[in-house]
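The following exercises concern one protein chain. Please inspect the sequence and the model before reading each solution.

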Amino acid sequence: MSRPAFSWGSVVLAVALLAGCAAQQRENYVRDRAAEHVYAQPLEEMWPQVKAVLEDKGYSWREIPQRFILETEWKENGGGTLGNSYTRFLIEGMRVRGGGAVLRVMRNDASSQPTAVHYAGTVGPVSSARAANEAMVNASNSNTTGMTPLQKRAFRDLELELELLQVIDPDAAASLEAQALAKYPKK
């Protein structure tokens, strides 16, 4: 008698993976459609809500009055021994021909990491307390530590655009969630 080519464990794993895939597809669908959303509200009504979301996240900003463009200051996300990372946003509200408005969010991330210590002029093992002290003095008097060059990257932040949609137009966001669920049902 031959054994089946599959086991119940692989069936359960496959179902779990498909359910996870469907959840990810729903998230992608909602996020991508939010990026295309045209708001019915005028920018003048939406702009205070944009600022409130940023304020809740701890950002301060500069803006161009009457142009619906703002840029946040850099905000540190974390730091310590592994380095520092910072984020800032550029948000632009634009009127659409025929009525309505869109919001575009660009995110800038920057990070750097501490570099290793370089003990200039010290070679081989330190054999005495005096030599160890000299090495420390030499190290402290030279440029022995620093940060790697700042790494920067910029990209459109669809996650924040979705968050803004959920705050500014919760009915439209709920509609996108329903569409995503119909297209990629839970299994």
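Is Tyr29 buried or exposed, and what is its relative accessible area?

Solution. Tyr29 is buried, at a relative accessible area of 13%. Buried means under 20% relative accessible area, exposed over 50%, and partly exposed in between, with a 1.4 Å probe and protein chains only. The model is predicted: local features need pLDDT of at least 70, side-chain atom pairs count only at pLDDT 80 or more, and totals for chains, interfaces and linings use all residues. Residues are numbered from 1 along each chain as its sequence is written, and side-chain values use heavy atoms, with hydrogens and water left out.

**Exercise 1.** Determine how many aromatic pairs the structure holds, and describe the one formed by Tyr29 and Tyr184.

Solution. Step one: rings of Phe, Tyr and Trp (its six-membered ring) pair if their centres lie within 6.5 Å; planes under 30 degrees apart count as stacked, over 60 as edge-to-face and the rest as tilted. The structure holds 3 such pairs. Step two: Tyr29 and Tyr184 are edge-to-face, with 6.4 Å from centre to centre and 70° between the planes. Step three: this pair links distant parts of the chain, since Tyr29 belongs to helix α1 (residues 8-35) and Tyr184 to the segment after α5 (170-183), 155 residues apart. Helices (H or I, at least four residues) and strands (E, at least two) are DSSP runs, numbered from the N terminus. Tyr184 is partly exposed, at 22% relative accessibility.

**Exercise 2.** Characterise the pair of Tyr59 and Phe89.

Solution. Step one: the geometry is edge-to-face, at 5.3 Å centre to centre and 75° between the planes. Step two: Tyr59 lies in the loop between α2 (43-56) and β1 (61-64), whereas Phe89 lies in strand β4 (residues 84-95), 30 residues apart. Step three: Tyr59 is buried at 9% relative accessibility, and Phe89 is buried at 4%. Step four: the charged end of Lys75 sits over the ring of Tyr59, 5.0 Å from its centre. This label requires NZ of Lys or CZ of Arg within 6 Å of the ring centre and within 35 degrees of the ring normal.
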